[in-house]
Amino acid sequence: MEIKKIVTGALEENCYVLSKDGACLIVDPGSDSRNIKELVGTDKIVGVLVTHAHFDHIGALRDFLNMNRRLKIFKKSNLTDLKEVEVGPFKFIPIFTPGHSSDSVTFYFALEKVMFVGDFIFKDTVGRCDLPTGSTSEMDKSIARIKEYPDDIVLYTGHGDDTTLGREKEKNLYFIEK
């Protein structure tokens with residue numbers, strides 16, 4: 001699976017295009033739909049993964065729905081926690097990780113050893129919990145849950161640089177204190 005990143009919008013949100021066998025998934029189409037479409041190229045969009053519904057992560061979603069009304073959107077409300085999903089050539093496991101928001105989902109691609117974490121985890125920190133539906137106690141539970149996964153998983157974040165779960169276990173104070 002090829003992973004391409006584009007930084008979108010005023011809040012510099014990370015949108016990802018995952019490509020495999022002529023198909024692609026878009027993770028968090030924040031804005032700049034024209035530039036995201038350029039990154040998609042000739043691949044067929046088989047779905048959109050939404051880590052949470054904050055405006056900076058879904059701003060271009062309507063544009064993609066207008067292109068294809070039957071486009072499958074994967075978000076917390078239509079997923080089952082830890083039940084593997086297969087769409088096109090992709091397989092992933094949604095992990096509910098509330099804290100930053102009540103609808104936060106981490107998408108785990110076990111074969112590739114990658115997670116798309118949205119604003120749940122950033123390099124050396126975690127997402128804010130003081131916004132509507134945020135919760136520090138839920139964040140603590142989500143961190144404890146995600147710590148059970150292998151250290152070599154690459155975390156693709158909603159803003160900033162990617163990291164690894166091992167690095168966060170070692171250097172992220174929110175992980176160390178739990």
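**A histidine and a group of rings**

The side chain of His 57 makes a polar contact with the side chain of Asp 28 at 2.9 Å, where a polar contact is a pair of N or O atoms within 3.5 Å, one able to donate a hydrogen and the other to accept it, and residues adjacent in sequence count only if both atoms are side-chain atoms. This is a predicted model, in which local features need pLDDT of at least 70 and side-chain atom pairs count only at pLDDT 80 or more, while totals for chains, interfaces and linings use all residues. Residues are numbered from 1 along each chain as its sequence is written, and side-chain values use heavy atoms, with hydrogens and water left out.

His 57 lies in helix H2, residues 55–58 (helices, H or I, are DSSP runs of at least four residues and strands, E, of at least two, numbered from the N terminus). With a relative accessible area of 0%, His 57 is buried (under 20%; exposed is over 50% and partly exposed in between, with a 1.4 Å probe and protein chains only).

Turning to the rings, the structure holds 8 aromatic pairs (ring centres of Phe, Tyr or Trp, the last by its six-membered ring, within 6.5 Å; planes under 30 degrees apart are stacked, over 60 edge-to-face and the rest tilted). Phe 92 and Phe 109 form a tilted pair, 5.5 Å centre to centre with 40 degrees between the planes. This pair links distant parts of the chain, since Phe 92 belongs to strand E7 (residues 90–96) and Phe 109 to strand E8 (residues 105–109), 17 residues apart.
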